[in-house]
Amino acid sequence: RRISAVTARFDGYVERLHVNATGQAVARGQPLFEAYSPDLVAAQREYAIAVQGQQALKDSGPDAQAGMRQLAESALVRLRNWGLSPDQVAALAASGDVKRSIVFPSPASGIVTEKKALQGMRFMAGEMLYQVTDLSSVWVIADLAEQDIAAVRSGARARITTTAYPREVFEGRVTYIYPTMKADTRSIPVRVELAN
């Protein structure tokens, strides 16, 4: 449940990798990579020009002001739809400086469980480039014998022991009882959720 896919909403190129290995730990908001897109650069220019045009047309007629405001708003909507953060949009409006590349931050703290991004590669809109998984909570799937299933309810406390840590007992809760029985073992899988 705690898997986040990092995708772009536009076509572009991976300009620079900040996280370049599967298994690397990342914090929420940490830069994963920078991307360049000609369309994104053009949209930024359009927005910057529209904002400057609004300021230049302060003293002109209401029709000219409304037209320029509408142009700025449509360019702003396009930038937001492409995933620019409010801070990036505000910086663009204030300075008018068009950024060649955009930084993609990690959407969650966790581990990079999949990395498809390569330096210099071209990507398409919607293509998954990274997958970040929050492993602070894990699932244990336990098989309960048929005669024991009546004693277990969803939400019940569970104690887990493992051969890897024979002297430790891990506390968790039963979060799901599967509706199927394994015919060969006459057991029913139960999902226990616990802190990692």
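**Notebook: salt bridges**

I began with Lys 182, which is partly exposed at a relative accessible area of 34%. The model I am reading is a predicted one.

I looked for the partner of Lys 182 and found Asp 143; the two form a salt bridge, with the closest N and O atoms 2.9 Å apart. I then placed both residues: Asp 143 sits in strand S9, while Lys 182 is in the loop between strand S11 (170–177) and strand S12 (187–195). The pair links distant parts of the chain, 39 residues apart. I noted that Asp 143 is partly exposed too, at 43% relative accessibility.

How many salt bridges does the structure hold? I have eight in my notes.

Next I looked up Arg 100 and Glu 15, whose side chains meet in a salt bridge at 3.1 Å, N to O. I located Arg 100 in the loop between helix H3 (86–95) and strand S5 (101–105), and Glu 15 in strand S2 (residues 12–17). These are distant parts of the chain, 85 residues apart. For Glu 15 I wrote down 29% relative accessibility, which counts as partly exposed.

My last entry is Asp 134 with Arg 2, a salt bridge between side chains at 3.9 Å, N to O. Asp 134 lies in the loop between strand S8 (128–133) and strand S9 (137–145), and Arg 2 in the segment before strand S1 (3–7), so this pair ties together parts 132 residues apart in sequence.

Conventions: Residues numbered from 1 in each chain as written. Predicted model: local features only at pLDDT ≥ 70, side-chain atom pairs only at ≥ 80, totals over all residues. Heavy atoms only, no water. Salt bridge = Lys/Arg side-chain N within 4 Å of Asp/Glu carboxyl O. Helix = DSSP H or I, 4+ residues; strand = E, 2+ residues; numbered from the N terminus. Buried < 20%, exposed > 50% of the residue type's maximum accessible area, 1.4 Å probe, protein only.
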